[in-house]
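Hi,

Here is the structure I promised to pass on.

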Amino acid sequence: MTVSVHVSGAAKVAIDELVPGLVANLVASRLTAGDTDLWGADAEAEASVRLGWVEAVSNSRPLVPEIIALREELASQGVTRVVLAGMGGSSLAPEVIANTAGARLAILDSTAPAQVLDAIDDDLSDTVLVVSSKSGSTVETDSQRRAFEAAFSDLGIDPVGRIVVVTDPGSPLDVSARAAGYRVFNADPNVGGRYSALTAFGLVPSGLAGVDIAEMLDEAEASMLQFAIDTADNPALRLAAAITGIAPRRDKLGLVSDGTHIEGLPDWIEQLIAESTGKGGTGILPVVLLTVSPELEARPDDLQIVRLVDDANEFHLSERHPGEILVSGTLGAQFLLWEYATAIAGHLLGINPFDQPDVESAKLAARGLLDARPETTAPAFVQDGIEVRASDAALTESGTIEGVMDALWARLDDDGYVSVQAYVDRTTMSQLQGLREMVAADSGRPATFGWGPRFLHSTGQYHKGGPAQGVFLQILERTDVDLEIPGRPFTFGQLIAAQAAGDAAVLAEHGRPVVSLTITDAADDILALFEAAQ
């Protein structure tokens, strides 16, 4: 199945206006050839070490037999459960790949202690851990690895045979893992994490979980010529023009999966576009929607709908979705399509799509809080067991959660958005994601939802570096469950608390309003929270 991008309305006008210029400037072929001049002189150094993804299909082929051989070796030992410790692009792509294939892959991209304990499980006899990190210095992944090493050892299992590492060659993790005797797969160092779906970061955990990764590479290879040639029919050029060139500007992208066989692709697209474009006060904010989300009814002027379907031609001919961008294609082709389109969008927006200058600020704030260990500030008030705090006192003057939310929505401009961020154990509180729909309806504006700290490696860049349009609702939890991190002077519970507080502090420093609601009893408080949001 080839990739199809169908448009109508303002998106079609944008394509008609922009694609001829992209074709004349040979943007597609220059990108395929690794031309670092496409994003200006300031981005040239970064681009020179970030374009390896255009060759990912051919470069990744030799990995396939190695991954299959290791999978068979582990299976012969009764090791069939695969857990992936990784953040951002290291976990989001494998999650989509495994879910689409129906493969068993447990994703650990959290520092919530209960979620880490759930991944470790009581019996690790059938488990292999894949540790994915470009450098290995990512605090979440390093902490997860340490916890698993200790758990394996406590059960008399040698971690050397149960931990597989994916990292860049020569990274600190590469050096230490090889010294410890772990099996290491090196990824292409010239590929950034969010563009790494078709590299070792996407293939190793998925392949070990049983996915036919050779077929996915075949899918991507079959589409490569479509993206590489400078023609008006190039779907990557068309998609890039449609998501960036609409006038007046639509800087929010509503992503809807509608009957497609691909599971969870909007979450991967969200981190790719938000982190690539959200900087310098500009960018595109992806908003992951359901087919019944309030935004599809309200249709805000600054929101462009992208509908991911199995057959864009059929949807286009049905004329049921005027003004929308309809996209279809195989999973491998979709990965490559969106990577090309995002890089070309950066060219059109005049930004560097390969850096993430504002991600580090939240990390530094969290580290500072872990070192200083300040006392938790008293809540402004407590309602129904939920502790309420805010970045400024005016937000809490009402003394009710309903009033606080109204005050937060009142800070929204006509082009604003709400970001709901849940720093909780999502294995037991998955229903919190439903809060997004209520918040969107109540605020009347597009709303995003992110699991913390996972979203810090995706939309976190946009929230701090993109347009100053957002208001922020943090959901935290107070729990007796905690877990030591071997070799570290802090626990998982202290780590996730510092990550939430650090990000809230950085957002407040950027002038963004933040409300933090701390749940003290999940069963009762979530219901109260939903009632307040309505």
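Let me start with helix α8, which is mostly covered: 12 of its 16 residues are buried. Buried here means under 20% relative accessible area, with exposed over 50% and partly exposed in between (1.4 Å probe, protein chains only). Helices (H or I, at least four residues) and strands (E, at least two) are DSSP runs, numbered from the N terminus.

Before going further, two notes on where this comes from. This is a predicted model, where local features need pLDDT of at least 70 and side-chain atom pairs count only at pLDDT 80 or more, while totals for chains, interfaces and linings use all residues. Residues are numbered from 1 along each chain as its sequence is written, and side-chain values use heavy atoms, with hydrogens and water left out.

Back to α8. Its buried residues include Asp142, Arg145, Arg146, Glu149 and Phe152. The cover over the buried residues comes from parts including β2 (81-85), β4, β5 and α21 (492-509). (The expected span is 1.5 Å times one less than the number of residues.) Just after the helix, glycine 156 takes a positive phi of about 75°.

Now the charged pairs. I count a salt bridge when a side-chain nitrogen of Lys or Arg is within 4 Å of a carboxyl oxygen of Asp or Glu, and a search of the whole structure finds 31 of them.

- Glutamate 149 and arginine 145 meet at 3.0 Å, N to O. Being four residues apart in α8, glutamate 149 and arginine 145 are separated by about one helical turn.
- Lysine 134 and aspartate 168 meet at 2.7 Å, N to O. This pair links distant parts of the chain, 34 residues apart: lysine 134 is in the loop between β4 (127-132) and α8 (139-154), and aspartate 168 in the loop between β5 (163-167) and α9 (172-180). Aspartate 168 is buried, at 9% relative accessible area.
- Glutamate 275 and arginine 194 meet at 3.1 Å, N to O. Glutamate 275 lies in helix α13 (residues 265-277) and arginine 194 in the loop between β6 (183-186) and α10, so the pair ties together parts that are 81 residues apart in sequence. Salt bridges that share partners also join Asp142, Arg145, Arg146, Glu149 and Arg488 into one network.

What about the nonpolar side? A nonpolar core is a set of buried Ala, Val, Leu, Ile, Met, Phe, Trp, Tyr and Cys residues joined through side-chain atoms within 4.5 Å. The largest has 92 residues, and Trp53, Trp268, Ile325, Phe335 and Trp338 touch the most other members. Helix α16 (residues 331-349) gives the largest share of this core, 11 residues. Apart from it lies another core, of 34 residues, among them Ile386 and Leu412.

Leaving aside neighbours within four places in sequence, tryptophan 53 is in contact with residues including Leu31, Tyr195, Leu336 and Phe354; contact means heavy atoms within 4.5 Å.

Last, helix α6 (residues 89-101) is mostly covered as well, with 10 of its 13 residues buried.

Cheers
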